[in-house]
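Me: Hi! Could you walk me through this structure in simple terms?

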Amino acid sequence: MSYVLRIVPIAFESLGVRSMATFIETPDTRIVIDPSAALAPRRFGLPPHPLEKQRLQELLKEIERYCSQAEVVIITHYHYDHHNPAQPELLDGKYVLIKHPTNHINISQRIRAARYLKSIRERCRLKALEYGENKELHFGNTRVRTSPPLPHGADSRLGYIFMVLIEYGDEKLLFTSDVEGPALREQVEWIKHVRPTVLILDGPMTYMLGHRYSNDLLNFALNSIVEILNECPIHTLIIDHHFMRDVEYRKYVNEILSRTKRDVSIVSAAEFLGREPLLLEAKRRELYSKYPVSQ
Ligand SMILES: [Zn+2]
Ligand SMILES: [Zn+2]
């Protein structure tokens with residue numbers, strides 16, 4: 001990683017919560033993407049363990065701290081692990097790039113978007129507010145580009161997201177947001193089109209395999225990741241979020257590594273920071289048996 005493009009994963013599954021919150025600093029500006037975090041309401045039939053709740057509070061504080069340093073805040077869609085309706089003031093004073101509230105959006109996110117934008121307008125004074133899709137912005141020598149609206153996963157039932165590309169010098173960081181794999185050709189094509197050097201990808205939903213995520217989708221995702229790595233100058237792939245809800249994640253990383261011909265670092269957000277992954281949701285059952293919760 002080049003020192004002129006500093007990337008700090010703030011909150012991710014490998015750091016103990018559901019999130020993709022990321023801080024990016026260049027000599028020109030500071031940017032936070034998707035400043036929120038959440039917990040799985042139920043996993044293995046269990047509600048969040050108190051240790052998960054504690055971790056969530058710690059990381060929400062970290063998100064607040066990084067937002068206070070940022071000039072730009074980008075919100076790729078209106079799921080609660082990507083935007084926090086309880087804290088519109090995180091955006092106060094910021095240059096805000098946010099998912100369009102009425103175009104390419106599903107019903108539930110349309111309702112959330114209207115509420116959220118209302119509370120932002122009531123409680124914040126913004127430097128700018130722009131809808132995020134298809135944008136190109138310049139902050140000094142830092143270029144921020146965004147994709148057209150792309151489906152959240154294999155179809156648009158869960159709505160749409162946009163991807164964010166941040167370029168400075170020779171580095172191009174691409175943040176995919178929730179593509180669930182990738183799961184669609186159009187997502188793969190946009191990634192290949194912008195040719196990133198660093199990719200932050202949410203990864204296939206292997207924890208739902210055989211339920212809400214099919215084997216065909218998993219194969220498509222793994223093939224697409226190999227294709228992207230082979231065709232783009234990526235030196236670092238940070239794969240996390242959906243992907244790190246499964247304790248078996250390593251076997252898929254090994255498969256990708258064995259199939260790509262390029263020398264690339266594939267890491268979770270925690271490993272990118274030089275830490276061991278802290279999988280709390282994926283180990284919720286173990287948490288309850290190790291640290292029982294009295295009724
Ligand atoms: Zn989402
Ligand atoms: Zn998400």
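Reply: Happy to; below we go through a sheet and a few backbone details of this predicted model.

Me: How do S14 and S15 pair?

Reply: They pair in the parallel sense, over three bridges. Within this pairing, Leu 237 has Ile 266 in S15 as its bridge partner.

Me: New topic: which peptide bond is cis?

Reply: That is the bond from Gly 181 to Pro 182, with omega near 15 degrees. Pro 182 sits in the loop between strand S12 (171-175) and helix H3 (185-194).

Me: And what about Glu 180, what is its phi?

Reply: Glu 180 has a positive phi of about 60 degrees, although it is not a glycine. Glu 180 is also in the loop between S12 and H3.

Me: Is Glu 180 buried or exposed, and why?

Reply: Glu 180 counts as buried because it has 27 C-beta neighbours inside 10 Å, and the cut-off for buried is 20 or more.

Me: Now His 241: where does it lie?

Reply: His 241 is in the loop between strand S14 (236-239) and helix H5 (249-259). Its phi is positive, about 55 degrees, though His 241 is not a glycine.

Me: Buried or exposed, that His 241?

Reply: His 241 counts as buried, since it has 28 C-beta neighbours inside 10 Å.

Technical notes: Residues are numbered from 1 along each chain as its sequence is written. Chains are lettered from A and ligands numbered from 1 in the order in which they are written. This is a predicted model: local features need pLDDT of at least 70, side-chain atom pairs count only at pLDDT 80 or more; totals for chains, interfaces and linings use all residues. Helices (H or I, at least four residues) and strands (E, at least two) are DSSP runs, numbered from the N terminus. A residue is buried if 20 or more other C-beta atoms lie within 10 Å of its own, exposed if 12 or fewer, and partly exposed in between; C-beta atoms are placed from the backbone. Two strands pair if DSSP finds at least two bridges between them.
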